Amino acid sequence: MDSQINDLIEDALSDHPSLEVLSGQLQGWLKDAEEALPDGLISLLHGEPIGHPLHPILIHLPLGGWIVGGILDFWPGRGSPEREHAADSALLIGTLGAIPTIAAGWTDWSNSRGQARRTGLIHGALNETAFLLNAASLLARRRGRRGLGKALSGTALALGGVGAFLGGQLVYRHGLGVGHTMTVPQG
């Protein structure tokens with residue numbers, strides 16, 4: 001896909017004055033919340049000990065688990081109990097892996113600005129919605145409502161895909177975290 005098309009899609013999603021106001025307010029609240037956390041934790045979430053952002057490393061676990069779960073859920077043919085268990089396990093691993101990924105993502109987002117901040121807010125909102133849908137899917141599956149669980153996790157996977165597209169824009173268009181950690185404002 002031509003990068004200009006990617007940019008047009010991002011612009012259509014993120015170039016709104018109300019989104020700028022909302023992202024500014026949320027970023028202020030997040031910065032206030034970070035003040036209460038130990039400096040070492042913020043440093044870790046930014047990836048300072050490894051010299052580059054932690055979020056891009058961590059995203060592989062939730063997205064990988066959710067993709068594997070989706071493949072196992074929707075593979076053609078009759079599902080076996082073993083395949084259902086494997087799908088549920090992959091979904092669980094991915095959903096648990098999303099917790100530190102979300103924390104690192106919001107910590108990095110707290111230092112973004114401009115269009116990158118607005119796009120990052122949409123990216124985060126989509127992925128947190130995917131996280132919540134996958135958690136609900138796990139509960140539905142546990143209660144014997146497999147069809148509902150598959151619908152929830154399938155929807156979550158689609159939202160995660162759109163969120164991943166926007167994450168790519170944050171890195172490749174806006175250069176967030178490229179060459180250094182997100183401890184300084186970027187965007």
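**Spaces, cores and labels**

Tutor: By the rule applied here, the count comes to 1 cavity of 30 Å³ or more, and please keep in mind throughout that this is a predicted model.

Student: What makes the largest cavity a cavity, and how much space lies in it?

Tutor: About 50 Å³ of space lies in the largest cavity, and the term cavity is used because a 1.4 Å probe fits at its points but cannot get out. Its lining is made up of W66, G69, G70, D73, F74, A87, L91, R141, S153, G154 and L157.

Student: Which elements supply at least two residues each to the lining of the largest cavity, and which one gives the largest share?

Tutor: Those elements are α5, α6 and α8, with the largest share, 5 residues, coming from α5. By class, this lining has 5 nonpolar, 4 polar and 2 charged residues.

Student: Where does the lining of the largest pocket come from, and how do its residues divide by class?

Tutor: At least two residues each are supplied by α4 (55-58), α5 (60-74), α6 (81-109), α7 (114-142) and α8 (146-172), and the largest share, 8 residues, comes from α8. The lining residues of the largest pocket divide into 18 nonpolar, 14 polar and 2 charged.

Student: What is the volume of the second largest pocket, and which residues line it?

Tutor: The second largest pocket has a volume of about 150 Å³, and its lining consists of H85, D88, S89, L92, L138, L139, R141 and R142. Two or more of these residues come from each of α6 and α7, and the lining divides into 3 nonpolar, 2 polar and 3 charged residues.

Student: What makes the set with W66 and L91 a nonpolar core?

Tutor: The set has 10 residues, namely W66, L91, A98, I102, A130, F131, L133, L138, L152 and A156, and it is called a nonpolar core because its members are buried residues of the listed nonpolar kinds, joined through side-chain atoms within 4.5 Å. The elements giving two or more residues to this core are α6, α7 and α8, and α7 gives the largest share, 4 residues. A second, separate core of 6 residues includes L19, L121, L126 and L166.

Student: How do you know that the span of α8 is close to the expected one?

Tutor: With 27 residues, α8 reaches 38 Å from its first C-alpha to its last, which is close to the 39 Å expected at 1.5 Å a residue. The buried residues of α8 include L152, S153, A156, L166, G167 and L170.

Student: Why is E34 called buried?

Tutor: The relative accessible area of E34 is 11%, and buried means under 20%, so E34 is buried. E34 lies in helix α2 (residues 17-35) and, leaving aside its neighbours within four places in sequence, is in contact with I42, W106, T107 and S110.

Student: Is H46 buried or exposed, and what value decides the matter?

Tutor: H46 has 3% relative accessibility and therefore counts as buried, the cut-off being under 20%. H46 lies in helix α3 (residues 39-46), and H46 and A104, 58 residues apart in sequence, are 6.4 Å apart in space, C-alpha to C-alpha.

Student: And why does G40 get its label, buried or exposed?

Tutor: G40, which is found in helix α3, has a relative accessible area of 51%; exposed means over 50%, so G40 is exposed. The C-alpha atoms of G40 and A116, 76 residues apart along the chain, are separated by 25 Å.

Methods. Residues are numbered from 1 along each chain as its sequence is written. This is a predicted model: local features need pLDDT of at least 70, side-chain atom pairs count only at pLDDT 80 or more; totals for chains, interfaces and linings use all residues. Side-chain values use heavy atoms; hydrogens and water are left out. Ala, Val, Leu, Ile, Met, Phe, Trp, Tyr, Cys and Pro count as nonpolar, Asp, Glu, Lys and Arg as charged, and the others, Gly among them, as polar. On a 1 Å grid over the protein atoms alone, a cavity is a set of points where a 1.4 Å probe fits but cannot get out, and a pocket is an open set with protein on both sides within 12 Å along at least five of seven lines; lining residues have an atom within 4 Å of a point. Grid points are joined across faces, edges and corners, and a volume is the space filled by probe spheres set on the points. Buried means under 20% relative accessible area, exposed over 50%, partly exposed in between (1.4 Å probe, protein chains only). The expected span of a helix is 1.5 Å times one less than its number of residues. Contact means heavy atoms within 4.5 Å.
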